Structures are given as C-alpha cells and as structure tokens.
Amino acid sequence: MVLRVFISSDPFLHDWDEKYHALVAKNLISNHLKPTLYINPLLPYDFTNWTSNHIWLHKQPMPLWLISLSLKTFGISAFAVRIPSILLSTICIWMTFFIASALINKKVAVIAAYLISINGLVLELTGGRIATDHIDIAFLFFVELSIVFSILFSRSSKYIFNILAGLSIGAAILTKWLPALIVLPLWLMLLFESKKFSTMAIVKHFSILIFIVAIVCVPWQIYIHSTFPKEAFWETSFNLRHFTEVIENQSGSYLYFINKIRINYGELIYLPLIWFIIECFKNPYPLKRVVLLLWFIVPLVFFGIAKTKMQAYLLFVCPAFFIITADFCQFLIQQKKSKIKWLFNFIIILLLITPIRYCIERLKPFENKNQKTALSASISKLKKQTFTSKEIVLNCNYPIETMFYTNLTAYKDLPDVKSIEELITKGYIVYINNHEKIPLEFEKIKGVRFINLGF
C-alpha cells in the first residue's frame, strides 16, 4: 500500500487516459446514469471522438462509478481519483495469495503475493500514469474476486459463493466487457476438479451463474442503447473493430504480448512458463494447475490475434504469471540433490530480485515533474475562484483538467467570432485565455473577457 500511495501522490492528472476518466467520473456525481465528458457542450462536437464529445460511453461504467464515489466522499482531487485503485490493487495482493494457496500451497502463495505487491506495471496503472489506468486495475480486481468466489464455491458447495461469483463476473463485464468471460472455463474446471458435483449439478449451477451475470451486466447495455442509441451503437462497433483493425496506432505482431510479458514481468518469465506448460502436459492432474494454464493461455492467444494491442490488455492474467513463477521457484528449491543446485539458486535470486529493478524504474522516484507540478499549481489557484456553469473559457491548453477542477466549460481552440457572439447573446460569460497573442478580431468582440490561467 505504501508503494501504491507513493506512486499515486502526483498532484496532477495524467494525460492518457486518467484525466478523461476523472472528468467523466466527476460528472457522474450529478447524474449516475448519464456519463458525460462535456457535461454542457456549448460548441459543436463529434460524438465519435471520445476525447471531446458529450455522452461518454468509451468505457463501461463500473470503475467510473467507483471513482465518482471516491470524489464525492473525499473531494475533487487527483489523489481521490486514485483511491479506488489503491484499495483494489492492495486487496489483489491478498486475493493472489488466496488463489495460490488454494491451487498450489501457501509457500508458493507468499512468493506470488510478493511479486504482485511490487510489480511495476500494476503500480503504474494504480497511479494513473499509463493508458487504461484505473479501468484495468478494477478489471483485475473483479476477475480475481470472481475466481476467489469460484474456489470457495467449489470447496463448500454453498449457493452464496456461486451468487457472489456471478455478481463479480457481471461487475467485471461492466468494467471491461467480454474478456471477463475467461472466468467461466476456470469455474467449470474448479468444479470438475473438486469432485463434489455431478454433471447435472454443474449444469444447474452454471445456468444460475450465467443468469446472475446477465442480471448484472445486461440492463446497462439495454439502457444505453435505448437512451443513447447513436453513441452506444458507435462504441459497440468501435470495440468490435479492435479485433479486426488497428485502432489509434496501437498495433503489434502476433508475438506482441509474448514480448511484453518479458518487459512487464521480467526477462526470465519464459523459464517458469515453459516449465509449467510442460508439467501440465506431462501430468494434467490435479486440474487446479490447468486452471492457471487456461487463465493465461486463452487471453494470450485471443489478444495476440486481435489487431489492436496495448500492454495492459493482459493485466488480468498477471496473477497467473506470478503464481506460476512462484511455483517454479518452489520446484527449483526442491532440487536439493542436483549437481547444478548453484545454478537453480541463482535463477531463484534473479526471479525474485529483477522485479525490484522494474518496480523502481516504474516508480520513477527521481523524475523531474516541474512542468506538470507548475500546471497543478496554476489550476489550484483557479480552483479558488468561483465559476458557474454559465461561464466558458476558450484558448485553454488544458481543457479537461480545467473542467475537472472548476465549473468552467473549457475548449482548447478558438471558434469563429460569430459563435462567440452567439454565446454572449445567450447569456454566457466568455473568457479567452491570453497565454499568447490573440487575433485582433477577437479582442474587438463586445462582452468577451480575457483571463490569464497561468498555462
């Protein structure tokens, strides 16, 4: 938690994609069922552009609701945006320990929990520093939570755990859509392995699980398609295009994720993965180990085929990587009579030490953040002024941050003179940020005001 709080202490919102998630979450405070970026769009906009539109359905709502609750509870600040991720990613450490304990043993669980606690990618996403930020942290949490409840159900046969597993899968779908369904084959494998359920019982409980998942996630899809049909249809088609097209220049080869796991989880990650795959094929029983195999193989193949690729797409698989790495360490520790025991010990040290280097590189404790800190200071001064929803600022370099911290409607560009005059006629107070020379025709507009935002 200390690492997570430290990396979340930047006093400014990060560009991609945190500031957009923060603004939409802030706007959800006033209307939980209407996600908006520009809550009051005063100038024409392109509804397909998620960085400047009105109705914002670019992401599923669950993580945005969590951030919105945090902002309402703790106030409007960058740190409040990150509180849900701090808490959820910290809980993920315990859940990784629990899953590893159930699937293998507690010695493996301790190492796996250690690896996720210091993982640089998890930390960066928690702090909102890289793309997909809090969305992927919430997705990791709900996927792990659903696996925890699936394990508890397979152990105890108590209906409540199956219901909770269904609720968790539904919440995961409401976080990052259909990749959450990876839990379903894991659920089936766990129940088969437990030998406590007949085939008919598994079918019955699986039907209940699917029903609960649908109850959680389907109403939102129906709601947005009926209330915001244009935007909902566009975002649905946009999501599907990620599989067949390269979106926003996020491309990569079929081996993109195989290469990325080296960067995100250490160069030696291939050793435990290859060893684990061989072990599973040599002896697939108990099926608990196959659960781990499916957890990382299926998403690795699926997202490898997809045209659009980003490193955090596989974050929800990382507990499997950590547990497999820990299991491999245990295997090496047990080779006490080997003539190359020294080599095994060296590999164990590298597997446990190299993640610390990646952790420090991602934390960037000595990075110079003066420019962003100066921006934060300027916006803090702006926060002290009282603005109403009838005020608009133009020529603003940081419109998203400005709208997050104030009630102003902010635009980066200057529209034409006629549009500004129409806004003034409608009773809006129009400010123009004079951070650079303003064309003469704008200075002559009657009623326009000039303001120095400090950026």
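Thr 132 sits in the loop that runs between α6 (120–126) and α7 (133–156), where helices (H or I, at least four residues) and strands (E, at least two) are DSSP runs numbered from the N terminus. The model is a predicted one, in which local features need pLDDT of at least 70 and side-chain atom pairs count only at pLDDT 80 or more, while totals for chains, interfaces and linings use all residues. Residues are numbered from 1 along each chain as its sequence is written, and side-chain values use heavy atoms, with hydrogens and water left out.

Most residues other than glycine have a negative phi, and most peptide bonds are trans. Thr 132, although not a glycine, has a positive phi of about 75°. Its relative accessible area is 4%, so Thr 132 is buried; buried means under 20% relative accessible area, exposed over 50%, and partly exposed in between (1.4 Å probe, protein chains only). Asn 395 is likewise not a glycine and has a positive phi of about 65°. This residue is found in the loop between β1 and α18 (399–405), and Asn 395 is buried, with a relative accessible area of 7%. A cis peptide bond, with omega near 0°, leads from Trp 16 to Asp 17. Asp 17 belongs to the loop between α1 (2–7) and α2 (18–28).

Turning to the aromatic residues, a search of the whole structure gives 31 aromatic pairs. Rings of Phe, Tyr and Trp (its six-membered ring) pair if their centres lie within 6.5 Å, and planes under 30 degrees apart count as stacked, over 60 as edge-to-face and the rest as tilted. Phe 328 and Phe 331 form a stacked pair, because their ring centres are 6.4 Å apart and their planes meet at 20°. These two residues are three apart in helix α15 (residues 318–333), so about one helical turn separates Phe 328 from Phe 331. Phe 328 is buried at a relative accessible area of 6%, whereas Phe 331 is partly exposed at 28%. Elsewhere, ring pairs link Phe 139, Phe 243, Tyr 256, Phe 257, Phe 302, Phe 303, Tyr 313 and Phe 316 into a cluster.

Charged side chains also meet aromatic faces. A charge sits over a ring if NZ of Lys or CZ of Arg is within 6 Å of the ring centre and within 35 degrees of the ring normal. Lys 59 lies over the face of Trp 50, at 6.0 Å from the ring centre, and Arg 357 lies over the face of Tyr 358, at 4.6 Å from the ring centre.

Helix α19 (residues 417–425) has Ser 419, Ile 420 and Leu 423 as its buried residues. They cover an arc of only 100° around the axis, which puts them on the same side of α19; the arc is that of the directions from the helix axis to the C-beta atoms. The exposed residues Lys 418 and Thr 425 are carried on the face of α19 turned away from its buried side. The buried residues of α19 pack against β1 (391–394), β3 (429–433) and α20 (440–443), contact meaning heavy atoms within 4.5 Å. Just after α19, Gly 427 takes a positive phi of about 100°.

The strands come next. Four of them form an open sheet in the order β2-β1-β3-β4, with parallel pairing. The edge strands, β2 (409–410) and β4 (449–451), each pair on one side only; two strands pair if DSSP finds at least two bridges between them. Three bridges join β3 to the parallel β4, and Tyr 431 stands opposite Arg 449 in β4.

Asn 162 lies in helix α8 (residues 159–176) and counts as buried at 0% relative accessibility. Not counting residues up to four places away in sequence, Asn 162 touches Phe 153, Trp 187, His 205, Ile 208 and Leu 209. Leu 287 is placed in the loop between α13 (270–282) and α14 (288–305) and counts as buried at 19% relative accessibility. The C-alpha atoms of Leu 287 and Phe 192 are separated by 8.2 Å, although these residues are 95 residues apart along the chain. With residues up to four places away in sequence not counted, Leu 287 touches Met 189, Phe 192 and Glu 193. Arg 362, found in helix α16 (residues 341–363), counts as buried at 12% relative accessibility. Under that exclusion of residues up to four places away in sequence, Arg 362 touches residues including Ile 7, Glu 124, Arg 129, Asn 264 and Gln 311.
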